[in-house]
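Visitor: I would like to learn how to read aromatic pairs and strand pairing in a model. Could we go through one together?

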Amino acid sequence: MEHPAELADFPVRVAIPVQWGDQDGFGHVNGVMYLRWFESARVAYLERSELGNLMTPQNGAGPILASINCNYRRQLHYPDTLIIGAKVTRIGRTSIEMHHAVYSTKHKAIGADGTSILVYFDYRDNKPLPVTDALRAAFEKIEGKTLA
């Protein structure tokens, strides 16, 4: 996988080919696809952090998406291969802020970037949980730095 300088500070990167069906009637990638690519990078990040078990309902606690935004920087089209980066930039009492970037290998540029806010959530009691020291340590290990 290519390691573009634009994604140098994203410790988790996944490569995804643009599919013909990702495009809409205007001939460019539909906006919802970017959010799906962010999701793929988020899941890869959690799996790399050895917290992939948080993605199973049997655990009872795990991340829930509280908000997401996307800044569309350029139109993307089929064919292309994208590299989607994910990094955690802040950990709050119950929340984790993650940044994403979509790099187009065809254009050699960022096609979109955005932020997701995840809440560590108790699915049984339907309420936020404090981010544990183990979760914080796992994210800091991936990032190679202390997160506020």
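Visitor: Is Y45 buried or exposed?
Guide: This is a predicted model. Y45 has 0% relative accessibility, so Y45 counts as buried, the limit being under 20%.

Visitor: How is a pair of aromatic rings described?
Guide: By two values: the distance of the centres and the angle of the planes. Here the count comes to five aromatic pairs. Take Y45 and F139: the centres are 5.9 Å apart and the planes at 40 degrees, so this pair is tilted.

Visitor: Which parts does the pair of Y45 and F139 tie together?
Guide: Y45 belongs to helix 1 (residues 31-48) and F139 to helix 2 (residues 133-143), so the pair links parts 94 residues apart in sequence. F139 is also buried, at 3% relative accessibility.

Visitor: What kind of aromatic pair do F121 and Y123 form?
Guide: An edge-to-face one. The planes stand at 75 degrees, and the centres are 5.2 Å apart. F121 is buried, with a relative accessible area of 11%. Y123 is partly exposed, at 43%.

Visitor: Which residues form an aromatic cluster?
Guide: Y34, W37 and Y72 form one.

Visitor: What lies over the face of F10?
Guide: K87 does, at 4.6 Å from the ring centre.

Visitor: Now the strands. How many residues of strand 5 are buried?
Guide: First, the general idea: in a regular strand, side chains alternate between the two faces of the sheet. Now the case here. Strand 5 (residues 109-122) is mostly covered, with twelve of its 14 residues buried.

Visitor: In which sense do strand 2 and strand 5 pair?
Guide: Antiparallel, over eleven bridges, with strand 2 spanning residues 61-72. N71 stands opposite D113 of strand 5.

Visitor: How many bridges join strand 4 to strand 5?
Guide: Ten, and the two strands run antiparallel. Strand 4 covers residues 95-104. V102 faces A112 of strand 5 as its opposite residue.

Visitor: How many residues lie between strand 4 and strand 5 in their hairpin?
Guide: Four. In that turn, K108 has a positive phi of about 55 degrees.

Visitor: Which residue takes a positive phi in the hairpin of strand 5 and strand 6?
Guide: N126, with phi near 60 degrees. This hairpin has four residues between its strands. Strand 6 (residues 127-128) runs antiparallel to strand 5, joined by two bridges. F121 returns here: its bridge partner in strand 6 is P128.

Note on methods. Residues are numbered from 1 along each chain as its sequence is written. This is a predicted model: local features need pLDDT of at least 70, side-chain atom pairs count only at pLDDT 80 or more; totals for chains, interfaces and linings use all residues. Side-chain values use heavy atoms; hydrogens and water are left out. Rings of Phe, Tyr and Trp (its six-membered ring) pair if their centres lie within 6.5 Å; planes under 30 degrees apart count as stacked, over 60 as edge-to-face and the rest as tilted. Buried means under 20% relative accessible area, exposed over 50%, partly exposed in between (1.4 Å probe, protein chains only). A charge sits over a ring if NZ of Lys or CZ of Arg is within 6 Å of the ring centre and within 35 degrees of the ring normal. Two strands pair if DSSP finds at least two bridges between them.
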